[in-house]
Amino acid sequence: MKATAFAPVNVALIKYWGKGDEKLRLPANSSLSVNLTKMGTVTTVEWVKGLKQDGADERMIRHLDRIRGLAQINLRAKVVTENNFPAGAGLSSSASGLAALTLAATAAIGLKLSKKDLSRLARLGSGSACRSIPNGWVEWQKGSDDKNSYAQTIFPVKHWDLRILAVILSQQEKKVSSTDGQALAKTSPFFKERIKGIDKKIINIKQAIKEKNFKKTGEIIEEDCLNMHAVMLTSQPSLMYWLPETVGVIQAIREWREQGLESYFTINTGQNVFVFCEPKNEDKLVDELSHLRGVIEVRREKVGLGARLLA
Ligand code: PMV
């Protein structure tokens with residue numbers, strides 16, 4: 001009746017921003033991501049006979065309700081969850097958190113779900129959580145209903161040793177959650193244009209990843225990140241997740257690139273920045289990034305596996 005799971009943070013190369021169906025958490029567009037090796041959430045779930053209330057926050061309780069429905073049980077659960085990174089600042093804690101909860105809670109009650117069904121279930125908890133279930137390089141096909149909207153591995157971990165640096169700027173939590181921000185996406189005049197171009201972008205980036213073409217992959221990552229933030233900035237009300245230090249990192253990356261030190265950035269709903277680079281430039285970039293104004297910490301990451309049981 002008890003299980004512990006780890007789920008990694010996943011970083012989107014092509015972002016999910018805006019829903020097609022709110023209730024089923026079907027996205028307006030397909031998206032593509034990599035899992036990280038170390039940053040993530042460890043969650044223990046124990047279903048306890050006689051317990052009157054779940055020991056969990058509201059969002060988790062709604063997810064436990066779904067799992068109770070699937071397992072046809074009426075038990076409550078104790079949940080202990082820990083992120084090994086600052087939550088609520090654009091490092092995708094809801095993705096790793098809801099993916100870890102999905103795996104731990106279903107395993108603890110003896111439900112043996114396939115990766116596909118775990119991904120579908122995690123999606124209902126937090127859209128991007130479905131991408132923290134499969135291993136390595138992952139694509140979430142938007143699908144058209146609850147059954148066919150889930151994430152799958154498109155390339156294994158070992159396909160390409162890219163490095164991801166998580167640049168942590170501030171421990172401050174964002175004011176508008178991803179869920180609330182997502183709901184505003186459609187108010188941007190750029191939203192429809194963004195959606196129109198996504199399928200082509202996904203085809204192009206998959207080809208670039210297949211060929212291990214770093215420049216092409218990086219350029220698409222940045223283009224899509226800025227495209228999503230343009231939608232955020234022009235939604236009503238306007239959303240701006242960046243701090244001045246976030247812009248400082250972007251400018252530094254562009255300058256270093258001109259000087260031959262190549263890396264590309266992406267940013268989620270928060271001030272922190274993820275930087276993609278090749279192994280040969282990792283040490284130099286960590287050093288340079290650590291010296292920028294406002295940088296608290298730079299974490300070194302690689303492409304990693306998806307959610308797994310620890311106990
Ligand atoms: O799954 P949500 O509702 O937390 O939204 C994720 C939003 C982004 O991180 C900005 C983009 C993405 O695809 O991960």
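The exercises below treat these topics in turn.

The model is predicted, so local features need pLDDT of at least 70 and side-chain atom pairs count only at pLDDT 80 or more, whereas totals for chains, interfaces and linings use all residues. Residues are numbered from 1 along each chain as its sequence is written, and side-chain values use heavy atoms, with hydrogens and water left out.

**Exercise 1.** Describe the packing of helix 1 and helix 2.

Step 1. Helices (DSSP H or I, at least four residues) and strands (E, at least two) are numbered from the N terminus.

Step 2. Axes are lines fitted to C-alpha atoms, for helices over the stretch in contact, and angles run from 0 to 180 degrees between N-to-C directions.

Step 3. The crossing of helix 1 with helix 2 is right-handed, a term for a near helix turned clockwise from the far one by less than a right angle (left-handed if anticlockwise).

Step 4. In contact (heavy atoms within 4.5 Å) are Arg59, Met60, His63, Leu64 and Ile67 of helix 1 with Ser94, Leu98, Leu101, Thr102, Ala105 and Thr106 of helix 2.

Step 5. These residues comprise six nonpolar, four polar and one charged. Ala, Val, Leu, Ile, Met, Phe, Trp, Tyr, Cys and Pro count as nonpolar, Asp, Glu, Lys and Arg as charged, and the others, Gly among them, as polar.

**Exercise 2.** Characterise the crossing of helix 1 and helix 3.

Step 1. The axis of helix 3 (residues 115-125) comes within 9 Å of that of helix 1, at roughly 145°. This crossing is right-handed.

Step 2. Helix 1 contributes Arg59, His63, Arg66, Ile67 and Leu70, which meet Leu121, Ala122, Leu124 and Gly125 of helix 3. The classes are five nonpolar, two polar and two charged.

**Exercise 3.** Determine the volume and lining of the largest pocket.

Step 1. A pocket is an open set of points on a 1 Å grid over the protein atoms alone, where a 1.4 Å probe fits, with protein on both sides within 12 Å along at least five of seven lines; lining residues have an atom within 4 Å of a point.

Step 2. The largest pocket holds about 790 Å³, a volume being the space filled by probe spheres set on the points.

Step 3. Its lining has 39 residues, with Arg59, Ser93, Ser94, Ala95 and Lys174 nearest the centre. Helix 2 supplies the largest share, five residues.

Step 4. The lining divides into 11 nonpolar, 19 polar and nine charged residues.

**Exercise 4.** Classify the aromatic pair of Tyr16 and Trp140.

Step 1. Rings of Phe, Tyr and Trp (its six-membered ring) pair if their centres lie within 6.5 Å; planes under 30 degrees apart are stacked, over 60 edge-to-face, the rest tilted.

Step 2. Tyr16 and Trp140 are 4.8 Å apart centre to centre with 70° between the planes, hence edge-to-face.

Step 3. Tyr16 sits in the loop between strand 1 and strand 2, and Trp140 in strand 6, 124 residues apart.

**Exercise 5.** Locate the cis peptide bond at Pro237.

Step 1. Most peptide bonds are trans.

Step 2. The bond from Gln236 to Pro237 is cis, with omega near -5°. Pro237 lies in the loop between helix 6 and helix 7.
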